[in-house]
Amino acid sequence: MSVKALFDLSGKVALVTGGSRGLGLQMAEALGEMGAKVAIAARKPAELAAAEAALAAAGIDALSVPADLGDPSGQSAAALVEAVLARFGRIDILVNNAGATWGAPAEDYPPAAWDKVMTLNIDSLFRLSQEVGKRAMIPQGGGKIINIASIAGLGGNPPALSMHTIAYNTSKGAVVNFTRALAAEWGRYNINVNAICPGFFPSKMSQGLLDRFAQHVVEATPLGRLGGEEDMKGAAVFLASDASRHITGQLLAVDGGVSAT
C-alpha cells in the first residue's frame, strides 16, 4: 500500500464530539478533507448548523446532531449513535473531543462543578465509546477511537499560571489511562484506541487564561508559539488512518514541546 493510501479515509465515517468549533471542528475538517463522511455533535444547534454548512461548503458529506453528552443518564450517547448509524450505516472513527472545565481553588471547589466536569470529560466518553463499540466497531471488525486528553492530564499546573482546575486535570488524567485500558481490552476486536494531548490552543475554554498569561505560556514552550488552526489536523488524520494501524494505547502530545520540559 502506498503512503498516500495509508492516509486515505475514503469510505470511512467519523463521529466527532464537540465538533461545532475549535479543535473539534478543526479535526472534523481534516478527516473530511481526507475523504471521510463526518458527523459532528455538540449542545448548541445554531453553532452546529453553521459548522455543518462550513463542512458542506468544503465538499464534505456532513451531518450535525445536537447532543448533550453531559446528561448523566447516558441517553444522549445512545441517541447520537442511532442518528449517525441511521444516516451513514457505520462508524469507523470516533473522536471523543467534548469537554468542559471549571476554575476554583481545590479547597473551595464546588461539588456540583466537580460532578459536571467529570460527567462530561470521562463518564460520557466511556458511555459513547461503549455505545459505538457495541453497535458499530465490534460488529464491523474494527475501528479507531481517538480520545482528546490534555497535557493537563499528565501532571499538575505550573504555579505561576494560577490555574485552579483540579477537576479538569483529574478528568484528563483519567482519559489517559482509560485510553490504555480500552486499547488493551479491545485490541482483539481490531480497534485502535489512542489519545491526543493538546497543549495551549486559543479557544473559548482557554481564553481567560491566555488573556492573562499568553506571553508566559509562549515563553515556556520550546517551539515558542501557541497551537494554531492547522496543528491538530495531522495528528487526527494519522490516528484515524491505516498509517497508525499498529499503534494503540498511546498518547501523542501536540503541545509545542511543553510536556518535554
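Gln26 touches Gly228, Glu229, Glu230, Asp231, Met232 and Lys233, leaving aside residues up to four places away in sequence. This is a predicted model.

Gln26 sits in helix H2, which spans residues 22-33. Is Gln26 buried or exposed? Gln26 has a relative accessible area of 6%. The cut-off for buried is under 20%, so Gln26 counts as buried.

Two backbone oxygens lie within reach of its side chain. One belongs to Gly228, and the side chain of Gln26 reaches this oxygen at 3.4 Å. The other belongs to Glu229, and its distance from a polar side-chain atom of Gln26 is 3.2 Å. Both Gly228 and Glu229 are also among the residues that Gln26 touches.

Strand S5 covers residues 143-148. How many of its residues are buried? Six of the six are, so the strand is largely enclosed by the rest of the structure.

In a regular strand, side chains alternate between the two faces of the sheet. S5 can be read in this way. Gly143, Ile145 and Asn147 point one way, while Lys144, Ile146 and Ile148 point the other way. All of these residues are buried.

Which strands pair with S5? One is S4, residues 93-96, which pairs with S5 in the parallel sense over four bridges. Within this pairing, Leu94 has Ile145 of S5 as its bridge partner. The chain gets from S4 to S5 by way of helix H5, residues 111-140. This β-α-β crossover is right-handed.

Another partner is strand S6, residues 191-198. S5 and S6 also pair in the parallel sense, over six bridges. Here Ile148 has Ile196 of S6 as its bridge partner.

## Aromatic pairs

A pair of aromatic rings is described by the distance of the centres and the angle of the planes. How many such pairs does a search of the whole structure find? The search finds two.

| Ring pair | Distance of centres | Angle of planes | Arrangement |
|---|---|---|---|
| Tyr109 and Trp114 | 6.4 Å | 90° | edge-to-face |
| Phe126 and Phe178 | 6.5 Å | 85° | edge-to-face |

Planes over 60 degrees apart count as edge-to-face. The Tyr109 and Trp114 planes stand at 90°, so that pair is edge-to-face. The Phe126 and Phe178 planes stand at 85°, so this pair is edge-to-face too.

Phe126 lies in helix H5 and Phe178 in helix H6, residues 166-186. The pair therefore ties together parts that are 52 residues apart in sequence.

How accessible are these rings' residues? Tyr109 is buried, with a relative accessible area of 10%. Trp114 is partly exposed, at 32%. Phe126 is partly exposed as well, at 42%. Phe178 is buried, at 15%.

## Salt bridges

Side chains of opposite charge can pair when their charged atoms come close. A search of the whole structure finds eight salt bridges.

One of them joins the side chains of Glu82 and Arg135, with N and O 2.5 Å apart. Glu82 belongs to helix H4, residues 75-88, and Arg135 to helix H5, so this pair ties together parts that are 53 residues apart in sequence. Glu82 is partly exposed, at 40% relative accessibility. Arg135 is partly exposed too, at 37%.

Arg135 also forms a salt bridge with Glu131. In this pair, the closest N and O atoms are 4.0 Å apart. Where do Arg135 and Glu131 lie? Both are in helix H5, four residues apart, which is about one turn of the helix. Glu131 counts as buried, at 17% relative accessibility.

A further salt bridge joins the side chains of Arg225 and Asp231, at 2.8 Å from N to O. Arg225 is partly exposed, at 43% relative accessibility. Asp231 is partly exposed, with a relative accessible area of 27%. Which residues do salt bridges with shared partners join into one network? They are Glu29, Glu230 and Lys233.

The report now returns to its starting point. Glu230, Asp231 and Lys233 are among the residues that Gln26 touches.

Definitions and conventions. Residues numbered from 1 in each chain as written. Predicted model: local features only at pLDDT ≥ 70, side-chain atom pairs only at ≥ 80, totals over all residues. Heavy atoms only, no water. Buried < 20%, exposed > 50% of the residue type's maximum accessible area, 1.4 Å probe, protein only. Helix = DSSP H or I, 4+ residues; strand = E, 2+ residues; numbered from the N terminus. Pairing = 2+ DSSP bridges. Right-handed = clockwise from strand over helix to strand, strands pointing away. Polar contact = N/O pair within 3.5 Å; in protein donor to acceptor, adjacent residues only side chain to side chain. Contact = heavy atoms within 4.5 Å. Phe/Tyr/Trp six-rings, centres within 6.5 Å; stacked < 30°, edge-to-face > 60°.
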